[in-house]
Amino acid sequence: MTNILRLQKSAVGSMTDEELNLAIMRIVKSSQWSLSRKSLELSVHGPGSEHHRADPDLASVLSQFEGGQASSAPLSFAIAKEVFDLCLEDNWTGMFVAREIAGWDDEEPLILVHLDDHTDMMPTLLENNGRTLIDPVTGNAFDPAASADWQAVIASGAITIGSYITALFHLPRPMHVRHLNNFSTSHHGLFPVFAVQDRFPLLPGRTFAAIRKRTRNGADCLGSYRGGPNAARVLADLPPGRVIVHIDLDYFINDFNGNIGVEPPNIDEVREQALRRMDDFFRALKGTGRPIERWIMATSPGFCAARHWEWLLDHLTVRIVDNGYGPGRTQ
């Protein structure tokens with residue numbers, strides 16, 4: 001793994017260690033990293049788990065969750081279950097999507113229904129030369145339609161829990177994200193999405209894959225985005241395409257939001273609210289009359305408290321099956 005990125009000396013200038021650390025974190029996001037201040041060599045060491053420390057019950061729950069399968073390596077846990085795909089960290093959603101669309105027609109649009117307390121549309125650490133995406137940590141090309149490539153870029157840290165939807169927008173097919181969120185500032189507007197090349201002062205001459213929402217369409221549009229807290233409005237007038245539903249459990253309950261030392265809220269209140277959100281969503285989804293190709297669940301450690309995971313997954317499973325979306329049936 002050639003995981004060295006050399007920072008520009010003139011860009012570092014007289015930055016304090018704190019200023020430099022913040023600037024580096026804007027580049028690597030939640031990935032682990034180290035820096036030689038003398039040589040200005042930045043090393044990226046794969047996905048970070050600092051946010052896991054927010055949940056004091058995480059280790060004990062992991063010892064039992066899914067038979068303890070995730071306990072030794074929670075960052076890489078991703079399995080296919082009968083009713084849905086399951087991971088802890090939701091960057092694995094990209095791998096699951098790539099697996100699902102492998103048998104689709106090449107031009108078939110993807111509609112990703114995204115239930116999440118975050119957009120996950122931050123810039124990636126994938127270099128974009130206008131033709132190919134390259135993982136600068138390994139030097140390898142990245143194809144967002146190849147599931148094995150997702151495993152590699154997650155392991156390197158080039159795609160994080162905050163940037164995987166950005167990478168999915170670079171699929172060689174239109175993608176339309178319908179994002180059900182809890183943002184009071186999200187007003188259900190419909191925006192075309194375009195690829196852009198992001199730049200960082202510390203790494204001049206290098207451009208990284210990112211996306212932007214705009215108000216006007218264009219020939220180079222990658223797809224679209226609509227977000228908001230009202231399920232019926234988010235799912236209104238779905239465009240042509242096949243639907244995959246991704247659910248990050250922190251949409252229903254976000255106890256810590258990755259912040260260490262935060263006290264979780266009252267369990268009864270947040271669970272009552274979660275059930276209301278579930279029922280609103282499934283009512284709106286059923287109203288679209290659209291079949292669902294696959295369901296993907298991410299438990300979101302350090303955000304949604306581990307004590308809720310089994311409870312939430314059980315209630316979601318019941319609603320998936322009862323609404324006719326279970327195994328062997330798509331509607």
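What radius of gyration does the protein chain have, with 331 residues? The value is 20 Å, which agrees with the figure near 20 Å for a compact globule of 331 residues; the radius is taken over C-alpha atoms, and the globule rule is 2.2 Å times the number of residues to the power 0.38. This is a predicted model, in which local features need pLDDT of at least 70 and side-chain atom pairs count only at pLDDT 80 or more, while totals for chains, interfaces and linings use all residues. Residues are numbered from 1 along each chain as its sequence is written, and side-chain values use heavy atoms, without hydrogens and water.

**Overall form**
- Along the principal axes, the C-alpha atoms of the protein chain fill a box of roughly 60 × 50 × 35 Å.
- Contacts (heavy atoms within 4.5 Å) with a separation of 6 or more come to 73% from residues 24 or more positions apart.

**Burial and surface**
- Buried residues (under 20% relative accessible area, 1.4 Å probe, protein chains only) make up 53% of the 331 residues of the protein chain.
- The accessible surface (Shrake-Rupley method, 1.4 Å probe) is about 14500 Å², and carbon and sulfur atoms contribute 48% of that area.

**Secondary structure**
- The protein chain has 9 helices and 15 strands, defined as DSSP runs of H or I with at least four residues and of E with at least two.
- Strand 2 (residues 31–36) pairs with strand 3 (residues 41–47) in the antiparallel sense over 5 bridges; pairing requires at least two DSSP bridges.
- Trp33 stands opposite Val44 in strand 3.
- The hairpin of strand 2 and strand 3 has 4 residues between the strands, and Leu40 there takes a positive phi near 60°.

Conventions
Buried means under 20% relative accessible area, exposed over 50%, partly exposed in between (1.4 Å probe, protein chains only).
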